[in-house]
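Let's go through this one together, one question at a time.

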Amino acid sequence: MNAIHLQSGLRRLTAPNPSPMTLHGTNTFLIGFTDIAVIDPGPMIKEHGKSILASLTESQRISHILVTHSHRDHSPLAGWLADQTGAAIYAAGDSRWGRSANMQALAQEGLIGGGEGVDDAFEPNVQVEDGAVLEAPGWRIEAVHTPGHMANHVSFAWQDALFCGDLIMGWSTSLISPPDGDLTAFRASLNTLLKRDERIYYPAHGDAVENPKTRCRELLAHRDLREKQILDEIHKGPATPKQLTARIYAQIDPKLHPVAERNVLAHLIDLTERNLIAAKGDLSARVQFVRI
């Protein structure tokens with residue numbers, strides 16, 4: 001596959017991993033003219049890796065490999081690409097990094113079976129702090145920690161663009177699956193981005209988001225609406241995440257309900273932490289929740 005030119009110094013390749021979760025596949029971005037930064041190499045599909053290498057001219061080399069987060073459709077190819085090029089891998093942390101104390105406790109106790117699609121083997125060579133700046137001839141990239149979809153999720157700002165991984169997409173809302181996904185952190189990340197001035201967002205799936213602040217507000221409003229729906233249902237009586245999902249997502253394909261249930265669970269955890277509802281027993285994906 002040939003790289004698509006997006007703007008001066010920026011190209012995109014899309015990995016051949018289409019699905020209901022990834023749309024056409026994972027977008028891999030190449031920044032630079034001589035020293036190339038690769039953002040989100042993608043899944044372990046060597047043909048995609050070869051396409052990335054084939055997109056380089058004789059005067060170009062891959063100097064940096066940046067990973068927005070370590071789900072299996074984003075990070076596994078990073079190690080292979082590093083072996084091929086000698087470039088270091090940059091990310092916020094490994095797949096367990098950055099969880100809140102509550103999410104860490106839930107994971108350790110095994111009460112919530114989340115982590116779908118996590119690249120457990122992922123470990124960056126360099127951990128980038130929030131606000132860290134990476135530079136090479138011809139480009140400057142700032143790391144912006146944006147947890148929520150996953151605890152180690154980081155976006156990368158370049159010129160007037162933001163590479164936002166799975167935090168924001170134009171065609172879908174982001175999956176938040178505890179204990180790796182955290183709705184409280186997701187909302188905070190959207191509010192962080194509302195204070196920034198990027199002109200355009202390049203998500204890891206789908207087309208560019210050309211009205212980024214409007215989209216951030218839409219996603220916050222969507223979460224507020226979903227929260228109200230959940231509270232309205234719990235007002236009617238105790239319910240499990242699965243029961244709530246069947247009621248709230250009655251209009252979508254039942255095959256997608258397991259994914260939707262993870263989002264419902266994220267809301268339930270957030271509402272529990274805010275003392276608006278309570279779990280009847282130990283917090284888990286199977287317990288009933290009640291209104292306080």
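Q: Is Leu-23 buried, partly exposed or exposed?
A: This is a predicted model, in which local features need pLDDT of at least 70, side-chain atom pairs count only at pLDDT 80 or more, and totals for chains, interfaces and linings use all residues. Residues are numbered from 1 along each chain as its sequence is written, and side-chain values use heavy atoms, without hydrogens and water. Buried means under 20% relative accessible area and exposed over 50%, with partly exposed in between (1.4 Å probe, protein chains only). Since its relative accessibility is 28%, Leu-23 counts as partly exposed.

Q: What is the phi of Leu-23 near?
A: Leu-23 sits in the loop between β2 (10–14) and β3 (27–31); helices (H or I, at least four residues) and strands (E, at least two) are DSSP runs, numbered from the N terminus. Leu-23 is not a glycine, yet its phi is positive, near 60°.

Q: Where does Gln-159 lie?
A: Gln-159 also has a positive phi, about 50°, although it is not a glycine. At 56% relative accessibility, Gln-159 counts as exposed. Its place is the loop between β10 (154–158) and β11.

Q: Which residue does a cis peptide bond join to Pro-178?
A: The loop between β11 (161–165) and α4 holds Pro-179. Omega is about 5° for the cis bond from Pro-178 to Pro-179.

Q: Which residues of helix α6 are buried?
A: Helix α6 covers residues 241–248. Its buried residues are Pro-241, Leu-244, Thr-245 and Ile-248.
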